[in-house]
Amino acid sequence: SHMGGVCYHGGVGDDESPPHYLKYREYRPIAYALQTMGIPFYIYGVNNPRTVHRYILHGATCIPTLPYIPLLHQLSRHDWGFVGHSTPHPQWDAAMPNKLFECIAAGVPVIVHNAA
């Protein structure tokens with residue numbers, strides 16, 4: 001069934017993550033911004049209970065890691081996929097993220113933000 005909203009799948013960080021994750025894996029600002037606009041934000045692949053709690057406080061719905069085919073089925077339930085970051089970062093300018101292609105394979109249009 002349709003879930004709507006925007007989905008992201010992959011690693012996330014927060015202010016207690018190792019410093020090398022903090023800059024390009026911090027998605028709480030996006031979760032909060034979408035929440036303030038009334039748009040649900042779903043994150044697939046969040047398994048750490050502390051991180052889940054921190055993201056829920058910012059408006060995200062967190063789903064644990066799924067096998068590949070079930071993940072594609074779940075992604076297809078959303079209105080949009082998300083690739084990129086809330087702020088520019090060299091990691092996103094150099095990457096060719098699998099997230100883009102997985103959203104395309106799931107038939108979900110992709111929002112690409114700050115990801116050259």
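Visitor: Which rings are linked into a cluster here?
Guide: Ring pairs join Y8, Y27 and F82 into a cluster. Rings of Phe, Tyr and Trp (its six-membered ring) pair if their centres lie within 6.5 Å; planes under 30 degrees apart are stacked, over 60 edge-to-face, and the rest tilted.

Visitor: What kind of model is this?
Guide: It's a predicted model, where local features need pLDDT of at least 70 and side-chain atom pairs count only at pLDDT 80 or more, while totals for chains, interfaces and linings use all residues. Residues are numbered from 1 along each chain as its sequence is written, and side-chain values use heavy atoms, with hydrogens and water left out.

Visitor: How many aromatic pairs are there?
Guide: Two. In one of them, the ring centres of Y27 and F82 are 6.4 Å apart with planes at 85°, so that pair is edge-to-face.

Visitor: Where do Y27 and F82 sit?
Guide: Y27 is in the loop between α1 (19–22) and α2 (28–36), and F82 is in strand β4 (residues 80–84), so the pair ties together parts 55 residues apart in sequence. Helices (H or I, at least four residues) and strands (E, at least two) are DSSP runs, numbered from the N terminus.

Visitor: Are those two buried or exposed?
Guide: Both Y27 and F82 are buried. Buried means under 20% relative accessible area, exposed over 50%, partly exposed in between (1.4 Å probe, protein chains only).

Visitor: New topic: how many disulfides?
Guide: Zero, searching the whole structure. A disulfide is a pair of cysteine sulfur atoms within 2.5 Å.
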